[in-house]
Amino acid sequence: VQEGCDKFCTFCVVPYTRGAEYSRPPADILREARGLVASGACEITLLGQTVNAYHGGGWRLARLIRELAEIGGLERIRYTTSHPRDLDEALIAVHRDVPKLMPFLHLPVQSGADQILHAMNRGHSRDDYRRLVETLKQARPDIALSSDFIVGFPGESDEDFQYTLDLVREIGFVQTYSFKYSPRPGTPAAAMPNQVPEPVKAERLEALQALLHEQTLAFNQACVGRILPVLLERPGRHPGQLLGRSPYMQPVHVTAPDSARGTIVPLRITAVKPNSLAAVLADPERICA
């Protein structure tokens, strides 16, 4: 629904390779969505480099989601990737008001240190991000967050990295993408002084990923015993097995008839596996062979 980026984070090539932010007309999106639902889709993901900067036809993303939610047969709506600077009050209200919008948000923060956020040209502070998350959780208490992190950005000190660890501990993330800083030719960060040595970046990444893994595991373990609505999408690795996604984007596998593919089924989570959750049908009589 949206392409390009006007943010010019100092580490990123997207504004140079994709150009300025551009949004598709809402009528085109709604027409496509209705066609997808008519052909059997029950979940739609709105995509963009900075999708919550959507401004097609004078609409913002909040209005687009509300209009999509009126489509009969559409059960789930998601959007990615978002930027903290574009998470406005109207969009937070949509998380509160629209049950079809899944309680899962990818909201990249990149660092927990204000000095680094400023050097990255992120346009928000650590406290700005914390306040956004607090407001989101007030609006939608069951919301879960994922994020992106870059370690070893030029000039990042041990104290700066500790700020990132502290922010992770404070907020808690259920899924994350974390990377060592890698210079991109032509970006301002590539020419910055105080590039962090590779061994230091590797050590910091290992420490961060260990903490993030703990949080993901804890969240998954807390789901054991719960009944979650899972959209069963495709066959699993074993005969008679289907694989789907929970509202929180967790992969879930269950023994179920192939007729359940493409439907949202209540599953009772029974175990946490290395890369997925195991489940059983919560109401087997609802599923016909």
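**Close-ups of a helix pair and its chain**

**View 1. Helices α2 and α3 side by side.** Helix α2 (residues 26-38) packs against helix α3 (residues 61-69) at an angle of about 30 degrees, and their axes lie 11 Å apart. The axes here are lines fitted to C-alpha atoms over the stretch in contact, with angles from 0 to 180 degrees between N-to-C directions. Angles under 35 degrees count as roughly parallel, so α2 and α3 are roughly parallel to each other. What you're looking at is a predicted model, where local features need pLDDT of at least 70, side-chain atom pairs count only at pLDDT 80 or more, and totals for chains, interfaces and linings use all residues. Residues are numbered from 1 along each chain as its sequence is written, and side-chain values use heavy atoms, leaving out hydrogens and water.

**View 2. Where α2 meets α3.** From α2 come P26, I29, L30 and A33, and they meet L64, E67 and L68 of α3 (contact means heavy atoms within 4.5 Å). Sorted by type, the residues of this contact are six nonpolar, no polar and one charged.

**View 3. The chain around the pair.** Zoom out, and the chain shows eight helices and twelve strands; these are DSSP runs, with at least four residues of H or I for a helix and at least two of E for a strand. The C-alpha atoms fill a box of roughly 65 × 45 × 35 Å along the principal axes.

**View 4. Inside the chain.** Of the 289 residues, 48% count as buried, meaning under 20% relative accessible area with a 1.4 Å probe, protein chains only. Among contacts with a separation of 6 or more, 69% come from residues 24 or more positions apart.

Methods:
Parallel < 35°, antiparallel > 145°, perpendicular 65-115°, else oblique. Nonpolar A, V, L, I, M, F, W, Y, C, P; charged D, E, K, R; others polar. Buried < 20%, exposed > 50% of the residue type's maximum accessible area, 1.4 Å probe, protein only.
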